[in-house]
Amino acid sequence: MATIELQQVEKRFGDFQAVKPMNLTIHDGEFVVLLGPSGCGKTTTLRMISGLESVTTGDIYLDGRQVTWLHPSDRDIAFVFQFFALYPHMTAGQNIAFPLQAEGASRDQVRQRVDEVVRLLRIDHLLEMRPNKLSGGDKQRVALARALVRRPAAFLMDEPLGALDAEFRESMRAEIKKLHLDQHATTVYVTHDQVEAMAMGDRIVIMSNAEIQQVGTPAEVYYDPTNLFVARFVGSPGMNLVSGRLAGDRVRLPAGNALPLPADQAGALADGLGRDADVVVGFRPESAAINEDGALQGTVYASEHHGAYTMLHVSLNEHDLVHIRSSRLGRYAIDAPVRFDLEPAMIRFFDPQSEKAVQGNAHP
Amino acid sequence: MSNIALERITKRFGDVTALDNVSFAVDDGEFFVLLGPTGAGKTTTLRIIAGLEAQDAGTVSFDGQSLANVTPADRDVAFVFQQYSLYPTMTVYDNLAFPLRSPLRRLNESEIQARVHEAAEKLLITHLMDRKTANLSGGEMQRVSIGRAIVRHPRVFLMDEPLSNLDAKLRESLRVELQHLQKSAHSTTLFVTHDQIEALTMADRIGVLDEGRLVQVGTPDDIYDRPANTFVARLVGTPRINLLAAEPANGAIQIRDSQLKLPIPDRPLPPAFQVGVRPEDIAISPGGAFAGDVVLTEPLGVETIVHIGAGGATLLSLVPGMVPVHPGDAVRFDVAPDRLHLFDPSGSRL
Amino acid sequence: MATFEETGPRTPVTISSRVDKVSPRARLTSNVRALLVLAAALIGLIPVLVMGATAFKSRSDVVSVPPKVVFSPTMEGFVFLLTERSQLTPSALAAQQANPEDLSLFDRIALQNGQRINGPSDFVMRLRNSLIIAGGSTIASVVLGLLAAYAFSRFKVPGKDDLLFFILSTRMLPAVVVAVPLFLMFRQLGLHDTHLGMIILYTVFNLSLTVWLLKGFIDEIPKEYEEAALVDGYTRFQAFYKIVLPQAATGIAATTVFSLIFAWNEYALALMLTSQKARTAPPAIATMLGRGGIEWSAIAAGTLAFLIPVVIVTFALRRHLLRGVTFGAIRQ
């Protein structure tokens, strides 16, 4: 197994900068997720690691070995594609055996290794079938088996669940993670789905506009986003972000609302941003609670019943909408006034100019 | 606005029965969602109501009047498609004005302009008026599509998975806007989706379709809390409901092929059945009545999915927040006894 | 109404899937490859360049050995091509040369060869015939093809696949094979040597191509567009006219060019089925051989003049054409 190191790796397509120079180290046995919206450079990064895409500048090391200019087949990595890329004219079994045959493994070796991965993924009943007879989930299982069979130094996966129905996606997500717990193979996994990233990653690399926004564990990116982009992107819905202005021991918010601050935090914010500075207040939907005597108020814009909980959308004024997660029994009429409170330890502050998180945020 | 009634609609394509004796009614001003997996017959239902497809048997009526022999143009419905319904060669304004310029309506340009602007303001797309629709983002396109539907003041709105092609964040925000718009205008809306979250969050009532048959009609609460069968139970809720084969044994529910026993409800039970437990009804607590091992954790931020191996079965539990348990940990948990769902072996609710 | 920020940039990113582009050496290889392609293209162009040069050469330059690369250009070929001339007596020649300012450019060139221009040659009429016949048949075959293609693409036509195959099969026979029966038929129907006859003939020949091409293009236009228009209160024909037609523009342009090129260049049937009134340019150019020696420069000039209309149309539609031809291969 292997560590992967990217040093100042950059990719340009003509004038278009697809990936700005970036540094990233992926440790041995780690499951790292590259997360970002479409066009953020995450897939290009993965393809550069695999060698399917050339590097414009910078270096890539696999276990300390410089692989920047190596052909994909010489890098000892396996790639799992979104659309499976199974060879349609071969059976599932032949597909799985193919990489070993390409390496010139003996017939016994091939049989033994294929048996091993087939047992691991429980797909023995599929071996004689052609890919077009398989369901999406089974196709991806066969593709995973084909990647595993070579025992590569690292796995690269490009949205492997993206083409699956919601029905299979949830269970395949758990399967891939179980497989990783079992094998501890270094894995780089690309997705645009923050739920997948949170559920699967040991660490998450969040990308946007061709550069890294934050690298951290699921808890770090969820509770302490480094900037507004991450705050908005992670979570469903994302973090509530409301523009306000510092005013002594409180933050003035839209529509006459004011958020009281503990004295030390008010001081820290004033030191960081300046007195009377503009500030963005961020809080997760579950960190707000409907409360008749709440300090903040708004009107119900829409109320969504999710079965297990209710998501209440409250408008402060015509521009600011906040989402509040409440119990499954909560029922609210549209345009009804509501009051709510925020859990002080879970409030985050951002600088509206730089869009970065302000130092002095409390930590849970 | 009108109400919609479907009576005993059947539609076959060759040997395939797409709709089998489907009857339901959408009340005036109601937001009704047809929910089902791909191929369940949702879109066919919508197309039959719009007149784009002819049923083999049954009647569709608006306000009690049958629509037999009424052309799509004369039905006065607005149809929002999943994609591809904006004309790429026209500007946004011309797209919005297109339904109003129909020879059926005989509106003059100043009336058209007023109605287009009214709709555009509601949807915040006034700044896009002169753009060609090919240059719009997915969200902007779907706003214009909705605009083209509301500009007409039609009798009913028919929406065919209008949010499916958008990314997750955009889908969330348009979902809320659409709901707000519908609730403010009290427009009769029939909305088709395969996404259970869209159905639960937007609908006044949901109709669940399975292979051309309507298996349950009810409020989101009915569908979620009292699913008519295992198909519906598995269709709604994420992560999916835990469904386990079971039998009664010594005053408890014995989960088959395991040592797990659940409390028995106070009513007669058949010798074999299935028991369903929603993941949020399994709570991890130090004093829990059951013991198990953590197989896998999936932290989602607001909550964590914990896969628990207990007595040979695997249960999914949904726990608030980021819980500090790891694969291999021993845990104790409780199952909410009043939230068990029981189904007979064929899948119908007991 | 409140809104949410849309996430992320929506700029499309082209991702090359080339695996061979691994080292800087690959760039050198690709430059060499480009040079080779350029050289091959130049070699292929040589006959065309020679023809272009010949059109502007004088009689003596045309036949000089080795061929002249540098020569003084003359319009002689064009004068011979486009005019009927007669030889002047020496006295008439002298009278003409006395006041050259009264003469046009063409007259002066004819004069240098001791000739006088009596009027336009038959070739001008041939070119006009070509324009009428090729233009007419192209319009007819595209319009009819479009209607047929739309029907095949959108409606349940009984025996659709067999019909489509039948339509294509008319393209399988070489035109010359049916020339004799056509000749007899045309004579019976009074269509021999008529514009209408040739337009009908080329239209029928082109229809198989236009139906197939246009059906492909219309299949690519999602039917939801028309259904939206139907629900919005339009008839099927209005939907076709207002929605399908503008979107099929690229396909129509590509099909037009292909039809036009066929009808414009067709030689064998024109030779058999026309004699005077409706004779088109291709057989006319060929029969210019052998009227008192081979007029190479006139033939080259004729070929050049013949090329121009097609080049103009193709050039005017080139942007549509490129998109049209790659349609389907690349998802837009």
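This is a predicted model: local features need pLDDT of at least 70, side-chain atom pairs count only at pLDDT 80 or more; totals for chains, interfaces and linings use all residues.
How many helices and strands does chain A have?

1. Chain A holds nine helices and 20 strands. Its C-alpha trace spans about 75 × 45 × 35 Å along the principal axes.

2. Among the contacts in chain A with a separation of 6 or more, 64% are between residues 24 or more positions apart.

3. Next, have a look at where chain B meets chain A. Here 29 residues of chain B are in contact with 30 residues of chain A. On the chain B side, at least two residues each come from α6 (168-185), α7 (196-202), α8 (220-225) and β16 (290-299). The element that gives the most to this side is α6(B), with seven residues. Sorted by class, the chain B residues that touch chain A are 15 nonpolar, seven polar and seven charged.

4. Helix α6 (residues 122-154) of chain C packs with helix α9 (residues 195-219) of chain C at an angle of about 40°, and their axes are 6 Å apart. Because of that angle, α6(C) counts as oblique to α9(C). The contact of these two helices includes 17 nonpolar, ten polar and two charged residues.

Note on methods: Residues are numbered from 1 along each chain as its sequence is written. Chains are lettered from A and ligands numbered from 1 in the order in which they are written. Two residues are in contact if their C-beta atoms, placed from the backbone, lie within 7 Å. Helices (H or I, at least four residues) and strands (E, at least two) are DSSP runs, numbered from the N terminus. Ala, Val, Leu, Ile, Met, Phe, Trp, Tyr, Cys and Pro count as nonpolar, Asp, Glu, Lys and Arg as charged, and the others, Gly among them, as polar. Axes are lines fitted to C-alpha atoms, for helices over the stretch in contact, and angles run from 0 to 180 degrees between N-to-C directions. Angles under 35 degrees count as roughly parallel, over 145 as roughly antiparallel, 65 to 115 as roughly perpendicular and the rest as oblique.
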